[in-house]
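Reader: I would like to learn how to read this model, feature by feature. Please keep it brisk.

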Amino acid sequence: MNDRDLAAAALALLHGNDVGAFIKPARLQYPHQWNWDAAFIAIGLRHVDVNLARRELSALLRAQWRSGMVPHIVYHAGPSDYFPTPDFWRTSGRPHGGAIPSSGLTQPPMATTAVRLLLDASDDDDGIAFARELFPQLLAWHRWLHTARDPDGTGLVAIVHPWESGTDNAPRWRGPLAGLGEVDPPAYARRDQRHVPEDERPVADDYARFMHLIGLYRGWQWDDATLWARAPFLVVDVLFNAILIRADADLAEIASRLDQPHDEIDAWHSRGVRAFRERLWDEERGAFLDIDLRSGKRPAADTWVTFTALYAGVADARQAERMVDERLRAPGRYAGMRFGLPTVALDDPSFEPRRYWCGPVWINANWLVARGLRAAGYPEDASRLASHALELTRRAGFTEYYDPRDGSACGAQGFSWSAALVLDLLHDPDGV
Ligand code: GLC
């Protein structure tokens, strides 16, 4: 399939997943709107249909809570066959909640970066007006993140549930999830294995822990202060903070183009960069690693998120070189399979090539890391990841994730961000 046909197929998939008010992440598996999916979708669409890209982001921000939080799942059209259903979250009627049924969790603020990239692509009157409309909402979201999720002003925010990272069952959550001890989840019935084989989805024990946390938080009425004080899962996530740091820089840039003050945003950014370098780098392991705030421990698992420090622009030259030499290019770790980038190191005991965030290649991971590598002065490694992403989608279609051994399709079929980011890679190859 040539580039033109691939782009046409990607756009057709996004149109097929368009439900009118927004584009769903996958044909069957994910029928609602998800937070960072909306951002990746808009990033790809900006090259071909900027109005549709804007609609995606506006729809997401309509679900913003009064507190500033932007939820990770938005049920614009009410319940479907997807679980958790809107009522499972018990978010409705909360004084700090939103007007549209939603989950009570958030996701990495990729949407801010999407707005910045949209503005770069079209800074005519309409483009400026769009950024002006969304700017106060983005600012409120970042302010919420930097206060509710970092009340001590350390510069790094914490997440209260693995789903907030967007990498639901990554092996780096095993320690923090084991720390919950015996769990007592509310009654639930999984529906995530109807369209996707069981061995490509989270294991039962992880899922029970996800549910247990939701049960606790809904019992606490999703109150931010209570969550901070009592959440048994409280983790400073490398991925979330990398995306936030980059988003803070993008928010400051949007503000300056709109002639808005940005001192507060600049302060978040510089504090975040400093804290990320100081607290998340592990000199012995040569990687950036999460911190479990409840146990003080770092995860044992070796996962791809260390490379997102390059995307955030926080790694110094020596740290970047160590990550690239000792990990990215090291056969048996992140190199040596037919397709990169595995989301878990091949020599890590938790590596499973087809199970969700435990090893498969994800197009958004390749996209984030490729951008980081190019910015850090590794253009060939960046191009390799970008071309693997294109080759995977050419061979196996736009699926949720891919087996690094042979590139075969895993997870949900007809997956929107795989298509959208392919559009971005085809239109802006030097962007990554
Ligand atoms: C899964 C992914 C998450 C994504 C959602 C919708 O939960 O782990 O990152 O946002 O599906 O695609």
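Author: We take helix packing, then cavities and pockets, then backbone geometry. Keep in mind that this is a predicted model.

Reader: How is a pair of packed helices described?

Author: Two packed helices are described by the angle between their axes and the distance between the axes. Here, take helix 5 (residues 110–121) and helix 10 (residues 238–257). Their packing angle is about 40°, and their axes lie 8 Å apart. That angle makes helix 5 oblique to helix 10.

Reader: What is the handedness of the crossing of helix 5 and helix 10?

Author: Left-handed: that is how helix 5 passes helix 10. On the helix 5 side, the contact uses M110, T112, T113, V115, R116, L117, L119 and D120. Helix 10 brings I243, R246, A247, D250, L251, E253, I254 and R257.

Reader: How does the contact of helix 5 with helix 10 divide by class?

Author: Eight residues are nonpolar, two are polar and six are charged.

Reader: Now the voids. How many cavities of 30 Å³ or more does the structure hold?

Author: Four. The largest cavity has a volume of about 290 Å³. Its lining counts 26 residues. Nearest its centre lie Y30, W34, Y82, D168 and Y356. Helix 2 (35–45) and helix 8 each give at least two residues to this lining.

Reader: What is the make-up of the lining of the largest cavity by class?

Author: The lining of the largest cavity has 17 nonpolar residues, four polar and five charged.

Reader: And which residues are closest to the centre of the largest pocket?

Author: G175, P176, D292, S295 and K297, out of 18 lining residues. The largest pocket has a volume of about 190 Å³. Helix 7 (residues 174–178) gives the largest share of its lining, three residues. By class, the lining of the largest pocket has eight nonpolar, three polar and seven charged residues.

Reader: What should I look for in the backbone?

Author: Most residues other than glycine have a negative phi, and most peptide bonds are trans. Look for departures from that. The peptide bond from F83 to P84 is cis, with omega near 0°. P84 sits in the loop between strand 2 (73–74) and helix 4 (86–89). The bond from G340 to L341 is cis too, with omega near 5°. L341 belongs to the loop between helix 13 (317–328) and helix 14 (363–375).

Reader: Where is Q221 placed, and what is its phi?

Author: Q221 is in the loop between helix 8 (204–219) and helix 9 (224–230). Its phi is near 55°, a positive value in a residue other than glycine.

Definitions and conventions:
Residues are numbered from 1 along each chain as its sequence is written. This is a predicted model: local features need pLDDT of at least 70, side-chain atom pairs count only at pLDDT 80 or more; totals for chains, interfaces and linings use all residues. Side-chain values use heavy atoms; hydrogens and water are left out. Axes are lines fitted to C-alpha atoms, for helices over the stretch in contact, and angles run from 0 to 180 degrees between N-to-C directions. Helices (H or I, at least four residues) and strands (E, at least two) are DSSP runs, numbered from the N terminus. Angles under 35 degrees count as roughly parallel, over 145 as roughly antiparallel, 65 to 115 as roughly perpendicular and the rest as oblique. A crossing is left-handed if the near helix is turned anticlockwise from the far one by less than a right angle, and right-handed if clockwise. Contact means heavy atoms within 4.5 Å. Ala, Val, Leu, Ile, Met, Phe, Trp, Tyr, Cys and Pro count as nonpolar, Asp, Glu, Lys and Arg as charged, and the others, Gly among them, as polar. On a 1 Å grid over the protein atoms alone, a cavity is a set of points where a 1.4 Å probe fits but cannot get out, and a pocket is an open set with protein on both sides within 12 Å along at least five of seven lines; lining residues have an atom within 4 Å of a point. Grid points are joined across faces, edges and corners, and a volume is the space filled by probe spheres set on the points.
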